Amino acid sequence: MQTFNLNKYGLAFHTTTPQLGICLSNFVDNNRSQVWDLGRDLSVYLHKSLGEILQPQTWQDLQFIAVAKGPGGFTGTRIGVVAARTLSQQVNIPLFGISSLAAVALDYVKTNREISSESNNLNNRLLAVQMKARQEQLYVAIYQFVSKDNSLQTYIADTIMTLEEWQKTLANLDRSYQLIEAPNNLANTVPCVLELAYQQWQTGKLTTWQEVVPFYGQNPVNSSR
Amino acid sequence: MATILAIETSCDETAVAVVKKRKVLSSIVASQIELHSTYGGVVPELASRQHLETINYCLSEALTAAKLNWQEIDGIAATCAPGLVGALLVGVTTAKTLAMLYNKPFLGVHHLEGHIYASYLAQEQLKPPFLCLLVSGGHTSIIYVKDCGHYEMLGSTRDDAAGEAFDKVARLLKLGYPGGPIIDKLAQQGNPQAFKLPEGKISLPEGGYHPYDFSFSGLKTAVLRLVQKLEQEQDSPLPVEDIAASFQATVAKVLTKRTIQCALDYGINTITVGGGVAANSGLRENLLAAAQKNNLEVYFPPLKLCTDNAAMIACAAEDHFDRGHRSSLNLGVESRLAITKVMELYQDYE
């Protein structure tokens, strides 16, 4: 397992919905996270917000960057990913593209653990996340929570389905699952984006900016997968 | 004079360039023509996706080719209007990220102003005032260039852009995309007098016609009707070369006529031509001949500077930079923005 330099930070941002979420942490004693309701002005204020939350740290204090790669709004997701790719390329640090649905799943686990200490109940249970997509389809994914290291294992990777296909998939699962509907605004799950990236960083599975592109799920021309 | 790195992503070319003292140190253009040719035109969402995947490679290539490091770059610019919003956002977000990271001034540039500045890259001695005929797939305008940031739109198309008309006519003749180069090539083998096609005049409420405005939708419809008529009347193949030659001659004639008239009326001796249609041989021949006859000078930049590129954006940004103009990092993108509003892109000039 890689050891994190205490003077270094991880930075995550989430732009897949009309909110902007940014989180900065050294994973010990300095965590800063903020959400802005920006709507169509997300691209306008992204850089000002990044600059504000970074201070007093500098870009050279970053050990890695994480970005929510979708699914979500095409334009918003692209704004976050292009900024993240550019920062990663120029500062020459790893970039992790984290699924918006995985962040929703981890956020669900953390929220429920806080209110009812039921993380043991969630252990090995499947977390089926669904999010509305265009043309009456759903973005879906299924994860399994592993409580010993607070991690998520992918059971069915992010994909797009019709409601009928999704219901059939759920009906054929061989164990119990928790269905989670992703809310319209996801920026408050940005700490989970950072945490999932940190877990990946610790295992040494580093990814570069070249590997991180948005997950669109839909073809803009014929709307097929 | 400054050294500027600029990004252009307003439509279907991902471009990054470095320009210093109006000299192009590097100019990288990654074209998406092949990607969009399947659909007969640019698909905006596909263009945005391709820009994202390409921009960072173009960026490193441009800097390497310029043999410069970031300390030697004075400012970072990007096309911010007009254009496809999703596509513009990729370039502007990249440029603003670089400006923030390296603490450099950021300059948003108007795409049409970039096309005007392409002429400066080709003609070092060029100075305003002059007239710019801007003809591309998205624009057809006659612009009075008074000074950096100060323009007057004297004529423009009321419907299709000239390049758009080439694409549409090529599509109805089943020739492929983009239409301009294909029609130009076929026109060389055809008779430009074979078919009489309408020029497209803009009526004025008080009577008469607008002297400098254009309309190409009627011309496109006339070609469609001609094709339908020929298909009904004869079993032999369509005289595609003659149709292409007649169409191109009509477009070249109307662009030349209005531009020369405008230059004479305003007493402007110099005309520059920008945009992809500037490569059209029919337009070049017509305009050069007419200008010579009227004792006017015409400059056509080389083709690589006529089509969308980032060198022209860097050149425009350099002039603004030298005059102290700077954009805010909060500058957004606009799908439409009149060239007369260029100075709104800069702080303290709004």
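Cys148(B) touches Glu113(B), Tyr117(B), Asp319(B), His320(B) and Arg323(B), leaving aside residues up to four places away in sequence; contact means heavy atoms within 4.5 Å. This is a predicted model, in which local features need pLDDT of at least 70 and side-chain atom pairs count only at pLDDT 80 or more, while totals for chains, interfaces and linings use all residues. Residues are numbered from 1 along each chain as its sequence is written, chains are lettered from A and ligands numbered from 1 in the order in which they are written, and side-chain values use heavy atoms, without hydrogens and water.

- The loop between β7 (140-147) and β8 (150-156) of chain B holds Cys148(B); strands (E, at least two residues) and helices (H or I, at least four) are DSSP runs, numbered from the N terminus.
- Cys148(B) counts as buried because its relative accessibility is 3%, the cut-off being under 20% relative accessible area with a 1.4 Å probe and protein chains only.
- Between the C-alpha atoms of Cys148(B) and Lys253(B) the distance is 30 Å, and the two are 105 residues apart in sequence.

**Sheet in chain A**
- An open sheet of 4 strands has the order β8-β7-β6-β9 (chain A), with mixed pairing; strands pair if DSSP finds at least two bridges between them.
- Its edge strands, β8 (151-162) and β9 (177-181) of chain A, each pair on one side only.
- β7 (residues 137-146) of chain A pairs with β8(A) in the antiparallel sense over 9 bridges.
- Gln137(A) has Thr162(A) in β8(A) as its bridge partner.

Definitions and conventions: Buried < 20%, exposed > 50% of the residue type's maximum accessible area, 1.4 Å probe, protein only.
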